[in-house]
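Work through the exercises below with the sequence and the model in view. Try each task before reading its solution.

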Amino acid sequence: MSVVRELSTPATPREVLAAIEARLGRTEKVHEEYLSAGDAEAGIAVYEQYFTRVKNRIALMVIADDFAGSTSVRVITTGSSQGLFFNLDWGAASAYAAEAVEIISSLG
């Protein structure tokens with residue numbers, strides 16, 4: 001099961017990813033990078049966390065970009081299905097995404 005959330009914030013991509021890093025609990029950072037060209041800036045961070053309710057690690061990706069004077073953010077979770085054949089995650093993907101969205105929403 002996957003969840004995609006999109007939102008905007010007045011914070012810069014660096015501020016978004018710094019807030020996620022500082023406040024996202026019980027998670028492990030897998031990758032982070034920043035790209036910039038002129039006034040445009042983008043940041044990408046990938047995290048994963050083990051959820052007992054699905055007996056699986058779930059991936060969280062945060063993509064923040066400012067190409068037009070406002071930061072657009074995508075929060076994506078995936079890998080939360082329990083088992084090979086069942087697309088059931090007991091709300092784990094939504095909960096992980098909601099935690100990141102709440103952090104980002106508090107920045108504006």
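**Exercise 1.** With which side chain does the side chain of Glu41 make a polar contact?

*Solution.* The model is a predicted one. Begin with the location: Glu41 belongs to strand β3. Then look at the end of its side chain, which makes a polar contact with the side chain of Arg14 at 3.3 Å.

**Exercise 2.** Decide whether Glu41 is buried or exposed.

*Solution.* Take the relative accessible area of Glu41, which is 19%. Compare this value with the cut-off: buried means under 20%. Glu41 is therefore buried, because its relative accessible area is 19%.

**Exercise 3.** Give the strand order of the open sheet and name its edge strands.

*Solution.* Five strands form the open sheet, in the order β1-β5-β4-β3-β2, and their pairing is antiparallel. At the edges are β1 (3–9) and β2 (28–37), each of which pairs on one side only. On average, neighbouring strands of this sheet are turned by 15° against each other, direction ignored. In β3, Ala42 is the residue opposite Leu35.

**Exercise 4.** Which strands does helix α1 lie across?

*Solution.* Find helix α1 at residues 13–23; it lies across β1, β2, β3, β4 (56–66) and β5 (71–78). Its direction is at about 15° to β3. Helix α2 (residues 92–105) also packs on the sheet, where it touches β1, β3, β4 and β5. The direction of α2 makes about 5° with that of β1.

Definitions and conventions. Residues numbered from 1 in each chain as written. Predicted model: local features only at pLDDT ≥ 70, side-chain atom pairs only at ≥ 80, totals over all residues. Heavy atoms only, no water. Pairing = 2+ DSSP bridges. Helix = DSSP H or I, 4+ residues; strand = E, 2+ residues; numbered from the N terminus. Axes fitted to C-alpha atoms, helices over the stretch in contact; angles between N-to-C directions. Contact = heavy atoms within 4.5 Å. Buried < 20%, exposed > 50% of the residue type's maximum accessible area, 1.4 Å probe, protein only. Polar contact = N/O pair within 3.5 Å; in protein donor to acceptor, adjacent residues only side chain to side chain.
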